[in-house]
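I wanted to go through this model feature by feature and keep a record of what I looked up. The entries below follow the order in which I worked.

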Amino acid sequence: MISAVAASRQILTRLHEVMASRSHAQAKLNTVAEVVGESLHSEVCSIYLLREGALELFATRGLAQEAVHVTRLAVGEGLVGTIAAHIDTLNLAEATAHPDFSYRPETGEEKFHSFAGVPIVRRERAVGVLCVQHAEPRRYEEVEIEALQTVAMVLSELIANADLVDEDEGLLNAALTGPSQIKGQPLVKGLASGVAVFHQPRVTIEHTVAEDVEAERARVYLAFDKMREQIERMASQAEFGVGGEHEEVLATYKMFAYDEGWSRRINDAISSGLTAEAAIERVQQRTRMRMRQIDDPLLADRMHDLEDLSNRLLRTVSGQLGTAAAKGLRQDAILIARNLGPAELLEYDKRRLKGVVLEEGSLTAHVVIVARAMGIPVLGRLHGLRAAVREGDVLLVDGNQGALTVRPAPAMVEAFEARFAKSRERQASYAGLREVEPRTADGTRIALMINAGLREDLPNLALTGADGIGLFRTEFQFLVSATLPSRERQTRLYRDVLEAAGDKPVVFRTVDIGGDKVLPYLRHDETVAEENPAMGWRALRVGLEREGLMKVQARALLEASAGRTLSVMFPMVSEPWEFDAARALFDSQLAWLKSQKKLLPAEVRFGTMLEVPALAEMLDVLLPRLQFLSIGTNDLTQFLFAADRAHPKLAERYDWLSPAILRFLKRVIDQCNAHGVDVTVCGEMGGRPVEALALAALGLRRLSITPAAVGPVKAAIRQLNLPELEQVMAGWLANPPADLRAELLAWAEARGFVFD
Ligand code: PEP
Ligand code: MG
C-alpha cells in the first residue's frame, strides 16, 4: 500500500508542472483530471466549478466529454451539490444508494458504482467539487481521500489565479448561511450592529505547491521556533498574558507547540510537495475531519486550542502577524475573539468598533471594564463562536438579553433597529437627567461618581453630570504605554484630570498592577509564573517593594495637585500596616517637596480600597486613620467566594445579590458610617441599577461607577423609596430568601421600576 505522503507527492510533482505551464486554464483543469484519475487508478475524475449559482462540469476524464459545460447541478442537488452545500467529503461504495444521488444520462455515469468527492474551498467558501468514480463498488482508502483533498487545495489556487469563479459567489457551509442566534452572557449592556472582524484574522493561502521542499521545511521550523518563543513569553507573564489568554489555555498551547506528532504531520505534508502554509492547513483540515466523528466535549475544547495554535503558526509562517487592529477597521465592526487583553482592545479605532463578542470573558475582567468605560457592548461566553461566524458576516449584538444574531434576515434587522432607536431614546432621556440630582424619592442624596483611567474618559464627567471621579485607575496609563510612563508624563495626566474635574473631587488610586493587568516591561525579579496572580504579587504589594515606582507616582500626584486637594487611595491593602507604610511614603515625599519650597497640595486625603476580606476585621483599628474607604467589590467578591473574577466558568456562578455579600457589605458600611468615614462602592456591582438599589438599602450613600451607568442608576435612585426598601432589605438579610435577586426584582417591578 502506497503511503499518503508518497501518493500526494506523486500527484503534486505532476501538478507542479501543470501549474507552472503556460497553458490555458481549461487545459490545466483537463490535465489535473487526467493526473488524478491515473494516479488513483480511477476510471473517472471530474471537476465541477461554481458558475452562476450552479455547479458546472468543467473537466472530466472518463465521463462523456459532451457533458462538459453542459451538465449543471444546483447547489444541494445530487452528490456533487451536496458536497458543495455542506463543504464536506463523501466516500461511497455504492453511489446510487445515497439519498441525494441524482443520475445525469448525458454523462454516461451509470456504469460507475463507487464515488468519492471533496469540496474545493476558497476563503472558507465552496467554489467547486473534485470527484472520482469507479466501476467496481469499493470505498476509497483514506490515503486516496487525502490525496483528493490535497489536489482540491491546489485547484483552489489554480481557479483563483485563472479567475474561473467569482469568489464572492462561493458557497458558505449550508449550516452557516441562514440567520442564527447564539446565546451568551451580557458583559457590557447595550446594542450594536456591524460586520464581524476577527481579532486574529485568518490567513488565505496563496501558494500550495512547493518550489523547493527543503526551503519550505526550513520556513516551518523557523515558524515553530518563533511560535514556541511567543508562547513561552505569554506563559511567563503569569496567568493572563497581555493577550488575555488563560493559563489553562496556555498550558495546552505549550503541549501542542512541542507535540512531535503535530510537527511530524506538517513535515510529512511538506514532504508530499506542499508549501509550509498549505501543509499546516492540510493537517488542520484532517484533524477537523477526524474530530467531527468524535463526540467528546473535552476533546473538542482541546481541538479548539489546536485550531488556535494552527492559525498562529500559519500567521507566523506567512508573516501576517498583525491583529485586525493593525489593519484598521473599514466599517462599523463587531470584534470577535476568544479573549482579549485590555491593551489589545484599546488599539482599535473607537469610532468604528461598535461591539465585542468573546468566546470567554467575565463581568469583571479588565478588558470588560475598559469596554464598559468606552461604552462598547460586550457579550461573552459564546461557545463555538468562531466556528459559527465568518469574517464579514453581519452581526447584531444584544448586550441586554445576551444574544448574538448572525447573518440576520431583513425583518430581524428591522426589529433590532427599532429597539436600537428606543434604547437611544432612553439614553437621550438619561442625558436629560444630567443636571438632575441623584436623590431618592424620599429626599436622600446619593453621590454618583464615575470610574476613569484614561485621558479619553475625562469628557464623561461633564457628559454624565457625575459628582466627581470616585476611582481613577492610574495603572491604565501604565497598561497602554509601551514603556514605564515617566514622572513628567504621569504628572501631566494627573494635572489634566484635576483640570477637567474642576471643583469636583477626584480619587486617584495608586497603581494596581499584577493580576490580569500585566505590564510586559515591568516584571518582578522572580519571573516565576504565579499560580494565583490575583492573590499574588500585585497592587500595593508591588508598590511597597518597588519603592522607586511608588515614590515617582507619589511625587507626580503631589506635584500635579499643587494648590488643590489630592485624594489618594491604596489598592489591595490587606493589613493596616500596609496603609501606614504607603502613607509614610507619601508623607516623606511631601516633606521633601516642602523642603524644596514647592507649592504643595492644599490638602491631602488618604483612603484605602477594601478588597481583601481580612481588612474588614481590622476596621476599628484602621478607620480612625482614614479619610475615606472604597469597597472594590470586583476583587472583594472573588475573595469572599473564592472564585476567580476572570474565570469564564465561574462568571455566572455567584451573585452580587447573595445574602453573604450583602451582609458583609452592610457590616463594613455600618462601621464606616459609625466612624464618620466616607464609604463608596467602586466595583462594577454599583453600576447595575438593581444592585445600586440594594447598596443604598444597606446604608451606602456613595457610588463610583462606569460612566454609562450614571443615567440608569440615577433614574432608579430617583424612583426609590429608601426607607421602604431598607426595611424590606433588613428582613431579607435576617431571613435570607432562596433567591434574593428575584425578590428584589419582584419588589422593584411591583413599584414600576423598569430596568434595561
Ligand atoms: C475592584 O476590585 O472592585 C476594583 C474597583 O478594582 P479593580 O477592578 O481595578 O481591581
Ligand atoms: Mg480591585
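**Entry 1: ligand 1.** I began with the backbone around ligand 1 and found a polar backbone atom of Gly 632 at 3.3 Å from an oxygen atom of the ligand, where a polar contact is a pair of N or O atoms within 3.5 Å, and within protein one of the two must be able to donate a hydrogen and the other to accept it, while residues adjacent in sequence count only if both atoms are side-chain atoms. I then noted a backbone N or O atom of Thr 633 at 3.1 Å from an oxygen atom of ligand 1, and a backbone N or O atom of Asn 634 at 2.7 Å from an oxygen atom of ligand 1. I listed 17 residues around the ligand, of which Arg 473, Arg 509, Gly 632, Asn 634 and Arg 645 come nearest; a residue is near a molecule or strand if one of its heavy atoms lies within 4 Å of it.

**Entry 2: what I am reading.** I remind myself that this is a predicted model, in which local features need pLDDT of at least 70 and side-chain atom pairs count only at pLDDT 80 or more, whereas totals for chains, interfaces and linings use all residues. Residues are numbered from 1 along each chain as its sequence is written, chains are lettered from A and ligands numbered from 1 in the order in which they are written, and side-chain values use heavy atoms, with hydrogens and water left out.

**Entry 3: the magnesium ion.** Which protein donors does the magnesium ion (ligand 2) have? I found Glu 611 (OE) and Asp 635 (OD), lying 1.9 to 2.0 Å from the ion; donors are N, O and S atoms within 2.8 Å of the metal (3.2 Å for Na, K and Ca), and water is not among the atoms, so sites may look incomplete. The pair links distant parts of the chain, 24 residues apart, with Glu 611 in the loop between strand 19 (603-610) and helix 21 (613-616) and Asp 635 in helix 23 (residues 633-640). Helices (H or I, at least four residues) and strands (E, at least two) are DSSP runs, numbered from the N terminus. Glu 611 counts as buried because its relative accessibility is 2%, and Asp 635 counts as buried at 1%; buried means under 20% relative accessible area, exposed over 50%, and partly exposed in between (1.4 Å probe, protein chains only).

Entry 4: I traced an open sheet of eight strands in the order 7-14-13-9-10-11-12-8, with mixed pairing; two strands pair if DSSP finds at least two bridges between them. Its edge strands are strand 7 (180-183) and strand 8 (185-188), each of which pairs on one side only. The twist averages 30 degrees from one strand to the next, with axes being lines fitted to C-alpha atoms, for helices over the stretch in contact, and angles running from 0 to 180 degrees between N-to-C directions. Helix 12 (residues 366-374) packs on this sheet, where it touches strand 8 and strand 12 (378-380) and makes about 60 degrees with the direction of strand 8; contact means heavy atoms within 4.5 Å.

I also checked strand 13 (residues 394-398) and strand 14 (residues 403-406), which run antiparallel and are joined by four bridges, with Leu 395 opposite Val 406. Helix 14 (residues 410-431) lies across strand 9 (191-198), strand 13 and strand 14, at about 125 degrees to strand 9. In the loop between strand 14 and helix 14 I came to Arg 407, whose phi is near 45 degrees, a positive value in a residue other than glycine. Arg 407 is buried, with a relative accessible area of 11%.

Entry 5: Three bridges join strand 2 (residues 54-61) to strand 3, and Glu 56 stands opposite Arg 72.

**Entry 6: Leu 744.** Is Leu 744 buried or exposed? Leu 744, in helix 28 (residues 740-750), counts as buried at 0% relative accessibility. Not counting residues up to four places away in sequence, Leu 744 touches Leu 657, Val 690, Ala 694, Leu 725 and Trp 732.
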